[in-house]
Amino acid sequence: MSNQSWLKNEIPNYLMEEVEQLAKSRKLSAAKRDEFIEKVRQKYHSMQVDPGEAIGIVSAQSIGEPGTQMTMRTFHFVGVSALNVTLGLPRIIEILDVRKEPKTPSMLIALKSSHNRSREAAESVANKITEIEVAKVVKEINLDLANQEIILVLDSEEGRRYGLTPTQIYDNLIPQIKGNEIKKDGNIRIIIKPKESDIKKLYKLKEKIKELIIGGIKGITHALPIIKDEGENKIYVIQTFGSNLKGVAEIPEVDFTRTTTNSLYETAKVLGIEAARQVIINELVSVLEEQGMPVDIRHILLVADLMCVSGNLLGVTRHGVTSQKSSVLARASFEIPLQHLIAASIIGETDKLNSVVENVMVNQPIPVGTGLPDLVVKMDGAKITKPKKKDGEVTA
Amino acid sequence: MDETNTIITKRIDNISFGIVSPNSIKKIATVVVSSPELYDADGYPVEKGLMDLGMGVIDPGLRCKTCGGRLRSCPGHFGYIQLAKPIMHAIYSSEVHDIMKAFCGVCGKPKIPEDRVKAYKTRIANARRTGNTDIIGVVKASVLTQAKKFKKCPHCSEKQVTIKLEKPTTFSEGDRRLWPTEIRERMEKIADEDLEIIGMDSKVARPEWTVITLLLVPPITMRPSITLVTGERSEDDLTHKLSDIVRVNQRLFENINAGAPQVIIEDLWDLLQYHLTTYFDNSISQVPPARHKSNRPLKTLAQRLKGKEGRFRYNLAGKRVNFCARSVISPDPFISIDEVGIPASVAQDLTIPERITEWNIDWLKTFIKNNDKYPGARYVITDEGKRKKITEDTKEQILEELAPGWLVERHILDGDVVLFNRQPSLHRLSLMGHRVRILSGKTFRINPAVTKPYNADFDGDEMNLHLPQTEEARSEAENLLLIENHIITPRYGLSIIGEVEDALVGLYLLTRGDTELVRAQASELAIAAGIEKDLPKPAGKEMWNGRQIFSMLLPSDFSFEDETFVIKNGELIDGALSEKLIGPESGILIQRINSKYGAEAAKDFINTMNRLGLEVVKNRAYTMSFSDLDLPQNVTSKIRTAVEDSENEVLDILKKLKEDKVSPIPGKTVEETAEAKILYALNKAREVVGTMLKKDANENNNLVLLAKCGLAGMLNLSLMSGFAGQMSLRGERIHIGYNKRTLPMFEKNDLSARARGFVRKGFAEGMDPAETFFNAIVGRDALMDTAMRTPKSGYMQRRLINALQDLRINYDSTVRDANQRIVQFEFGNDGIDVSRSEEGKINVKSILAEE
């Protein structure tokens, strides 16, 4: 709309860049170039959204409407078709819910240039990252009932594969089984003795020890090097099943600045809200793209911004974004009306009727779209008396 | 007063919430209910009963004792019941529990030191001032944890015993039960200003008001009884519940007065408590729901508000309307895309109010004269807002009195704008404005080109029609809702309306390059399409080609180019029209026309194309027969070898697996690797055949023609005349399950292609029994997927809409919510309306090209 020209005289940077580039490549004269810019500017302004537009509804519909056409098929292969990730409608719902833990947490770990050239180098990092349970590096776990002891017989070959020496295994075990005596017997055997003798507890301890993690990063159950095309050069990255941003950050071979996880909650916790916002956008875009559902990025940006605008990650649920609404009636009309009404009555809340649903409820124009503008009339001489508001008890 | 004549002078500014105090109950109530009887022997409402005429009337002929109004004019009035003993309010009991935890039961002071109290008070006051109500909850929680630490009251040093709440309403202090009387006393002790620290506003909510002494009885109009055909009266659930309460309450009174033993009184007290609890909410988990005689649980107050059918979502957030119609839809490709065909029978029922001026009075008089005959009128509304029905008898008088300023409710006419909608209304394109076109028949008619935005088809779909009744509404419908304003979808900036079916086939045939037309044919096409231009110079000797005809409807300065399609200066040079260019949900050509020449031009472009395409098909005819599925001998044998090859490949892999020669993919077992390889091999077969058919495709085949237009994929074709291929369930072959085989005709542990759901034949040839089963399995799975997806995505949509509905663009271009909180400074960082954009972008190159 032309009425906005006084608000903004510029065109966005990305457009300007494109224009400049084109002008250069076509070798336009300065005058021609200015004329061109002016035309782009006019076009840009003619495309602006009108004030009052219920843009939230438009965006919500744009993301929600294709949902009916999406598949529920949860899994899809990634990379070398060895790992599955949630996709389709369930994944979108998962993102909007901001689940603490996604159904299939996964990371894409970028490597420093020293390790991203060959499969071997990448694989060595992958092995380092994958969590290793005790069961993986022992030949056997024996119970010595007579002495009330558990004897771990280490498999040095397997240990080497995962880059763990017996001493390392021993050191990693100590903090995890506090309250029990632990000692090394030669280079192969580790003996653990609980303080109190109880056969049942001994068995339980044995099972517990089997699952203890003595290497790698907790939570990362699989890690596979995959090839990623980055323009001309091919680069190895590591795709994981399971996610642990903090843990991975400590690995020196990892290029942490380009490492991502699909867990929103974790991203927000480790990298902050802006990073989480970017993850929401990336994940939504990739899911919709994979399903072949074209949705303009602006709609996704709006949803992501709304979820992050408070500084905390809020889901599109009654506990998240909706709970932030100031209107009692708006909250009550969404879900669990009783609780909202009761709480409102106790603190004596007032609904100012400044959003959409409440006004629909009381049959008044909604403050959106054509319902937004008000007429201001200047009345000569006539005084406008505002009715005084009365505080006090609720009466009929 | 008629609403069309009303100027709104008052509007609701805000709504405050609070708890009703006994005093205000007394003030607003008109009747003290004390009799459990409803009607006397004559069927007349008993005085002081629950149907007392002082609480409103629901019978025609009776008058309200309070306001003297009749049915409809009396809004109803409240009454109250004086309870014999105080009763806890079940829904507030956890709140009461919190209060008792925070305050000393003896002195009524908060169980935290004075200085802390002050700090909390300022925090609450700040929260209130800023309207940040969720802070109140945080403060309250911290008060409670603080109070818990004090075993002795810091003010009166009284020892504090933990108070337990046995849900829903039974309180005890240590082992001693706390009766509502005592709880109420404790609540009364708490000072107004101290209540602030747990966020209670003592002006509208004193804690003792949650312990009920006077029970408010809702007006009869809120719980009307109905008279059955037998003459029997059937009371509302609320009346039933209230009469239980009155009855038990009276018994309790009598027992107390008679000096009955404490046990009996306490039993009755608990019974009364039960009735009140279920009166407020009949779905509290610890309480058995009160039931009707027929064992149906009663619908009490909470049930009236809750859920999809509750007051909020059913009556308040959703409204019923007048001036609407609903009927089955059917296609009519000869009306404009922005029209809707309306049967005459509907047109005579629906009216639009039209204001009389001195310029249109004679015209409007003809409607009144016609009365019930089609273009007629049903009512007039005088300048005073009085509504008069037009009948044969009143007609003459009305015609005489008629004056400018009156409204005439006339029948709808061709050209009126109406709203047309199909549920589910998933996006804004589900409700658009159409122009009326009165047609014979009994269904609504739309142009098939606009089925896409509505997601409609004609297998029995019904659609709704609404008539805007005010000038504002009509103006909005014409300027904002009309089809032409919605050709480009706001979802991704491409046209969602475009050519479909026959019209598309016709346009393809016309433009594929082999259409030669003599002058008569060429002009006939142009006339049928409604092109009012002279024929261009003939391309051949008095011969025109199809592309020339199509070029006639292009603006002369329009250019477009992609890999296969070239338009230069309004001249179609090369390429044939297809779904990609002019179809719904893609139509780049339509989008270009729209952005360069405006919505109206785009609408006309679609309409003209539509007529042109149909005319071509009318002259040439288009059909399909079974022989279109036949393939040449050599192709069928090639397909057969391809199928056999892939089956053999599977056997090969299986053999290797048996010999343990398969090297596993990292992260997978040997079996899984083999399975993945098999799946790949089998799916490849389909691809091979697909490309084979494509290579062999001949446009004399009607199906191939359809594929070329983009109306069907080559896949459909290869499924029918080729073979159906691997039936996959969740991305895998059909599992062998517990019995180690898919069907009894296979051997156990048979992993070959056929035994795991490989269909070697096409639909035309027909499947064998095993293949039929596999196909049915996949078909059922797809059906289930749809059935489960619909509610899930529906709920997601509801949540999204609810979360985002208040966001709007402000005059300063920011996106803000209802509290004026800025969410984005510019929508999408550049403020571009996607439905005005070109696929979400600005096509800078095309601007430059225009130079």
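The model is a predicted one. Chain A has 396 residues and chain B has 851. Between them, 93 residues of chain B are in contact with 96 residues of chain A.

**Chain A at a glance**

- Chain A contains 16 helices and 13 strands. Its radius of gyration is 31 Å, whereas the globule rule gives 21 Å for 396 residues, so chain A is more spread out than a compact globule.
- Along the principal axes, the C-alpha atoms of chain A fill a box of roughly 105 × 75 × 35 Å.
- Of the residues in chain A, 38% are buried.
- Among contacts in chain A with a separation of 6 or more, 58% are between residues 24 or more positions apart.

**Chain B at a glance**

- Chain B has 27 helices and 29 strands. With a radius of gyration of 38 Å, well over the 29 Å from the globule rule for 851 residues, chain B is also more spread out than a compact globule.
- The C-alpha trace of chain B spans about 115 × 100 × 65 Å along its principal axes.
- Buried residues account for 37% of chain B.
- For contacts in chain B with a separation of 6 or more, the share from residues 24 or more positions apart is 67%.

**Where the chains meet**

- On the chain B side, 93 residues are in contact with 96 residues of chain A. Helix α26 (residues 769–804) of chain B gives the most to that side, with 14 residues.
- Sorted by class, the side of chain B that touches chain A has 42 nonpolar, 27 polar and 24 charged residues.
- A strand pairing also links the two chains: β13 (residues 350–351) of chain A and β1 (residues 15–16) of chain B are antiparallel, over 2 bridges. To find this spot, look for Asp351(A), whose bridge partner in β1(B) is Ile15(B).

**Nonpolar cores**

- In soluble globular proteins, nonpolar side chains tend to be buried together.
- The largest nonpolar core here has 222 residues, and the members touching the most others are Ile55(A), Leu306(A), Tyr80(B), Val217(B), Ile245(B) and Leu507(B).
- Apart from that core lies another one of 18 residues, including Ala110(A), Ala126(A), Ile220(A) and Ile238(A).
- Beyond its neighbours within four places in sequence, Val217(B) is in contact with Val33(B), Leu50(B), Met55(B), Phe78(B), Gly79(B), Tyr80(B), Ile81(B) and Leu242(B).

**A three-stranded sheet in chain B**

- An open sheet of 3 strands in chain B has the order β2-β3-β7, with mixed pairing. Its edge strands, each pairing on one side only, are β2 (29–32) and β7 (211–217) of chain B.
- On average, neighbouring strands of this sheet are turned by 45 degrees against each other, direction ignored.
- Strand β3 (residues 78–88) of chain B runs antiparallel to β7(B), and 6 bridges join the two. Within this pairing, Gln82(B) stands opposite Leu214(B) in β7(B).
- Helix α7 (residues 237–257) of chain B packs on the sheet and touches β3 and β7 of chain B, its direction making about 55 degrees with that of β3(B).
- Helix α8 (residues 262–280) of chain B packs on the sheet too, touching β3 and β7 of chain B, at about 130 degrees to the direction of β3(B).

**Backbone spots to check by eye**

- Most residues other than glycine have a negative phi, and most peptide bonds are trans.
- The peptide bond from Lys167(B) to Pro168(B) is cis, with omega near 5 degrees. Pro168(B) is in the loop between β4 (163–166) and β5 (170–173) of chain B.
- Another cis peptide bond runs from Gln423(B) to Pro424(B), with omega near -5 degrees. Here, Pro424(B) belongs to the loop between β16 (417–421) and β17 (431–439) of chain B.
- Asn363(A) is not a glycine, yet has a positive phi of about 60 degrees. This residue is in the segment after α16 (356–361) of chain A. With 10 other C-beta atoms within 10 Å, Asn363(A) is exposed.
- Asn749(B) likewise has a positive phi of about 60 degrees without being a glycine. Its place is in the loop between β25 (725–726) and β26 (758–759) of chain B. Asn749(B) is exposed, with 9 other C-beta atoms within 10 Å.

Methods. Residues are numbered from 1 along each chain as its sequence is written. Chains are lettered from A and ligands numbered from 1 in the order in which they are written. This is a predicted model: local features need pLDDT of at least 70, side-chain atom pairs count only at pLDDT 80 or more; totals for chains, interfaces and linings use all residues. Helices (H or I, at least four residues) and strands (E, at least two) are DSSP runs, numbered from the N terminus. The radius of gyration is taken over C-alpha atoms; the globule rule is 2.2 Å times the number of residues to the power 0.38. A residue is buried if 20 or more other C-beta atoms lie within 10 Å of its own, exposed if 12 or fewer, and partly exposed in between; C-beta atoms are placed from the backbone. Two residues are in contact if their C-beta atoms, placed from the backbone, lie within 7 Å. Ala, Val, Leu, Ile, Met, Phe, Trp, Tyr, Cys and Pro count as nonpolar, Asp, Glu, Lys and Arg as charged, and the others, Gly among them, as polar. Two strands pair if DSSP finds at least two bridges between them. A nonpolar core is a set of buried Ala, Val, Leu, Ile, Met, Phe, Trp, Tyr and Cys residues joined through C-beta atoms within 7 Å. Axes are lines fitted to C-alpha atoms, for helices over the stretch in contact, and angles run from 0 to 180 degrees between N-to-C directions.
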